[in-house]
Amino acid sequence: MKKPKNSKIAPQEIAQASAQTLIPSATELTKEEFSALELEVAWLHWRSDFRKAVVGSGQLRAPWRNIFEADAIFCLIAHRWLTATPITLKEVATYLSEFTTEATISRHIDDMEYAGMLKRTKDPADNRRLLLVPTERLLLVGRSFLQGRIAVMKKNGFTSSGAPNE
């Protein structure tokens, strides 16, 4: 099997690759590649338990439609808030346009607002825009999420170079 030269893969490389079933004993991954795969599987296990806790809190009208979409939305909202550039629903939808529709993002945002994870507030610079602003509840859930991710990463050899506020 031809290995990609870097993490970017061209569409033609995908099209040219064989669609035949792999033989496990003939499949070679580097130690780093296998570690990354183990990390993703460990994270999926942790994420499943985390989802059960969030759903079990009773704060959700209904469990989020797609937890990976919800994670991406939460991460975008939190990151933009922490970098002093709050984000709008339209901007979130633009970020995720390759994965889902604006209508789906809107339904996620409605659910998240109902659950008390975020608020829609008028942009002081432009009253026509509504900014998605995290709440204390999202901070609590988000911090737990990040600490879990860090724990899984450390268990798999990750070391931090330090936080931006240190």
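**View 1. A103, a residue of helix α5.** Helices here are DSSP runs of H or I with at least four residues, and strands are runs of E with at least two, both numbered from the N terminus. A103 comes out partly exposed, since its relative accessible area is 44% (buried is under 20%, exposed over 50%, partly exposed in between, with a 1.4 Å probe and protein chains only). Ten residues away along the chain sits A93, and the two C-alpha atoms are 8.6 Å apart. A quick note for all views: this is a predicted model, where local features need pLDDT of at least 70, side-chain atom pairs count only at pLDDT 80 or more, and totals for chains, interfaces and linings use all residues. Residues are numbered from 1 along each chain as its sequence is written, and side-chain values use heavy atoms, with hydrogens and water left out.

**View 2. Helix α3 packing on helix α5.** Residues 67-82 make up α3 and residues 102-114 make up α5; their axes are 11 Å apart, at an angle of about 75°. Axes are lines fitted to C-alpha atoms, for helices over the stretch in contact, and angles run from 0 to 180 degrees between N-to-C directions. That makes the pair roughly perpendicular (65 to 115 degrees; under 35 is roughly parallel, over 145 roughly antiparallel, the rest oblique). On the α3 side, E69, A70, I73, F74 and I77 touch T104, I105, H108, I109 and M112 of α5, contact meaning heavy atoms within 4.5 Å. Sorted by class, the contact has seven nonpolar, two polar and one charged residues. Ala, Val, Leu, Ile, Met, Phe, Trp, Tyr, Cys and Pro count as nonpolar, Asp, Glu, Lys and Arg as charged, and the others, Gly among them, as polar.

**View 3. Helix α2 against helix α6.** Here α2 (residues 31-56) and α6 (residues 136-155) pack at about 155°, axes 10 Å apart, so they are roughly antiparallel. From α2, the contact residues include W43, W46 and F50, and from α6 they include F145, G148 and M153. The tally for this contact is ten nonpolar, two polar and three charged.

**View 4. Strand β3 and its two antiparallel pairings.** Strand β3 (residues 126-134) pairs with β1 (residues 87-88) over two bridges; strands pair if DSSP finds at least two bridges between them. T88 faces L131 of β3. Strand β2 (residues 118-123) is joined to β3 by six bridges, and R120 has L132 as its bridge partner there. Between β2 and β3 lies a hairpin of two residues.
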